[in-house]
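Look over the sequence and the model before reading on.

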Amino acid sequence: MQTRKFGSSGPDVFVIGQGTWYIDRGDRKSAVAALRRGLDLGMSHIDTAEMYGDAEPVVAEAIAGRRDEVFLVSKVLPSNASRRGTVIACERSLARLKTDRLDCYLLHWRGSYPLQETVAAFGELVAAGKIRSWGVSNFDTDDLNELLAVAGKDKIACNQVLYHLQERAIEHAVIPWCEQHGVAVVAYSPFGHNDFPSARSPAGELLKAIADAHGASVRQVALAFLTRRPSVLAIPKAGTEEHAADNAAAGKLVLSAGDIAALDTAFPRGPKPRGLPML
Ligand code: NAP
């Protein structure tokens with residue numbers, strides 16, 4: 001099983017984690033079983049957010065009695081990310097998650113509150129033992145540079161960003177920045193949310209051929225490609241035990257240089273966009 005360091009002073013975490021956006025919209029029993037099966041298979045990193053409706057209570061049910069196995073991440077909405085609002089939002093998330101601490105707490109995307117305020121609140125939450133580390137999401141390099149100037153070295157645990165086969169913008173500058181500064185890159189929507197490459201497209205056929213050669217699934221090949229660098233983790237969302245098990249097995253799949261070159265051509269990175277794409 002491959003692991004990744006979660007920030008310069010963070011723990012080693014299994015390279016594949018579990019997303020929870022929309023997990024409250026499907027069958028609850030199946031969602032809870034999927035998360036628990038994921039934990040059984042080593043996918044300890046569970047990503048949620050105050051924005052995800054009732055996902056936090058679903059996570060609470062899944063991790064009940066197993067809190068110590070979990071690397072639990074939640075996020076504050078930018079509209080709540082003031083000095084005081086961040087602390088209150090975190091306490092609400094802790095209550096919904098039925099736990100006393102988060103392993104990492106993220107600013108969901110950059111809003112209008114000064115970064116100084118949110119960072120000060122994160123510091124207060126760390127000192128109180130309510131969060132073990134903090135990070136950000138949807139931050140481009142200019143935001144990261146500002147944040148680094150505010151927070152100082154070795155404080156930002158991760159940057160959670162959009163990354164899938166058909167959206168590789170972060171490879172231009174965000175991944176290199178994070179690698180230079182010891183910040184873990186967490187790939188969200190690694191299957192393109194609901195836009196996984198069609199099996200009937202030439203690129204989809206290539207995925208299938210590579211998967212067959214490894215005795216793997218096409219989703220596993222996608223995850224292995226995205227996490228080919230030692231700085232990157234991925235957090236696919238699975239609503240069924242079968243999907244969770246499929247995703248967990250990607251943590252063992254290592255692609256050859258030839259596979260990576262072929263995927264690189266079939267799903268080109270494209271030019272650097274003006275702004276960082278987000279979902
Ligand atoms: P995703 O993980 O790219 O794709 C989820 C879809 O893939 C679901 O329809 C799921 O179906 C399906 N799926 C999962 N495993 C599968 C498998 N092995 N075989 C076939 N289908 C499979 O989408 P996402 O939920 O947008 O992204 C993942 C997580 O990233 C989110 O849940 C959230 O935690 C995080 N996220 C963060 C941000 C941010 O701004 N920070 C934005 C978006 C997402 P089933 O549900 O039927 O299993």
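## Gln166 and its neighbours

Gln166 touches Asp195, Phe196, Pro197 and Phe267, leaving aside residues up to four places away in sequence. Contact here means heavy atoms within 4.5 Å. This is a predicted model: local features need pLDDT of at least 70, side-chain atom pairs count only at pLDDT 80 or more, and totals for chains, interfaces and linings use all residues. Residues are numbered from 1 along each chain as its sequence is written, and side-chain values use heavy atoms, with hydrogens and water left out.

Gln166 sits in the loop between β7 (156-162) and α6 (174-180). Helices (H or I, at least four residues) and strands (E, at least two) are DSSP runs, numbered from the N terminus. A polar atom of the Gln166 side chain lies 2.9 Å from the backbone oxygen of Asp195. The relative accessible area of Gln166 is 42%, so Gln166 is partly exposed. Buried means under 20% relative accessible area, exposed over 50%, and partly exposed in between (1.4 Å probe, protein chains only).

## Aromatic pairs

The structure holds 6 aromatic pairs. Rings of Phe, Tyr and Trp (its six-membered ring) pair if their centres lie within 6.5 Å; planes under 30 degrees apart count as stacked, over 60 as edge-to-face and the rest as tilted. Tyr105 belongs to strand β5 (residues 104-107) and Phe122 to helix α4 (residues 115-127), so their pair ties together parts 17 residues apart in sequence. Both Tyr105 and Phe122 are buried.

Phe191 and Phe196 also pair edge-to-face, with 5.7 Å centre to centre and 85° between the planes. Phe191 counts as buried at 9% relative accessibility. Phe196 counts as buried at 17%. Elsewhere, ring pairs link Trp21, Tyr22 and Tyr52 into a cluster.

## Helix α3

How far apart are the end C-alpha atoms of helix α3 (residues 83-97)? They are 22 Å apart, which agrees with the 21 Å that its 15 residues should span at 1.5 Å a residue. The expected span is 1.5 Å times one less than the number of residues.

Buried residues in α3 include Gly85, Val87, Cys90 and Leu94. Their cover includes α2 (55-63), β4 (71-76), β5 and α4. Just after α3, Lys98 takes a positive phi of about 55°.

Notes. Polar contact = N/O pair within 3.5 Å; in protein donor to acceptor, adjacent residues only side chain to side chain.
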